[in-house]
Amino acid sequence: MARPQKQRCICSVPRAAGFCPEGCEASGSINLTYDEYEVIRLLDYMQMTQEQCAKRMQISRPTVTRIYDEARRKIADMLSNGRMLTIGGGDVFVCPSLRPECAGEDHCCHRNRELLRGVKEKAV
């Protein structure tokens, strides 16, 4: 019997829900799950190591490698074959509170909530 999949911790859901090819008709679609998006964001955009990414998402480093390989395969398929990309789904949870390692990070949902709260308080 297979071990149940562990939920993956993500900082926030992406701002964009998908992307479409320009200049041609989309030949199908590819879905990138939230955990695949988060691994791509942490490794490629934030330039973290796989170990740092695993710690942030509360999963093992080999799991990060598997997720990363699948996400890259999907993105390559989307780019090579002119497919539409959707982002959503997966067994994830958004981190429950602001963590020290998220301080100053643009994509942290808790930081964004604090900024919105500050804007609302100033408006009152």
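C9 sits in strand β1 (residues 8–10); strands here are DSSP runs of E with at least two residues, helices are runs of H or I with at least four, and both are numbered from the N terminus. C9 is buried, at a relative accessible area of 1% (buried is under 20%, exposed over 50%, partly exposed in between, with a 1.4 Å probe and protein chains only). In sequence, C9 and F93 are 84 residues apart, yet their C-alpha atoms are 5.2 Å apart in space.

All of this comes from a predicted model, in which local features need pLDDT of at least 70, side-chain atom pairs count only at pLDDT 80 or more, and totals for chains, interfaces and linings use all residues. Residues are numbered from 1 along each chain as its sequence is written, and side-chain values use heavy atoms, with hydrogens and water left out.

Turning to the sheet, 3 strands form an open arrangement in the order β2-β4-β3, with mixed pairing (two strands pair if DSSP finds at least two bridges between them). Both β2 (18–19) and β3 (29–32) are edge strands with a single partner each, so one side of each has no neighbour in the sheet. Strand β2 runs antiparallel to β4 (residues 84–87), and 2 bridges join them. Within that pair, F19 stands opposite L85. Besides neighbours within four places in sequence, L85 is in contact (heavy atoms within 4.5 Å) with A17, G18, F19, I30, L32 and M78.

Two helices lie across β3 and β4. Helix α1 (residues 34–45) runs at about 75° to β3, while α3 (residues 61–81) runs at about 155° to β3; axes are lines fitted to C-alpha atoms, for helices over the stretch in contact, and angles run from 0 to 180 degrees between N-to-C directions. E36 belongs to α1 and is buried, with a relative accessible area of 6%. Leaving out neighbours within four places in sequence, its contacts are N31, I67, E70, A71 and K74.

As for confidence, mean pLDDT (the predictor's confidence in each residue, from 0 to 100) is 81, and 77% of residues reach 70 or more.
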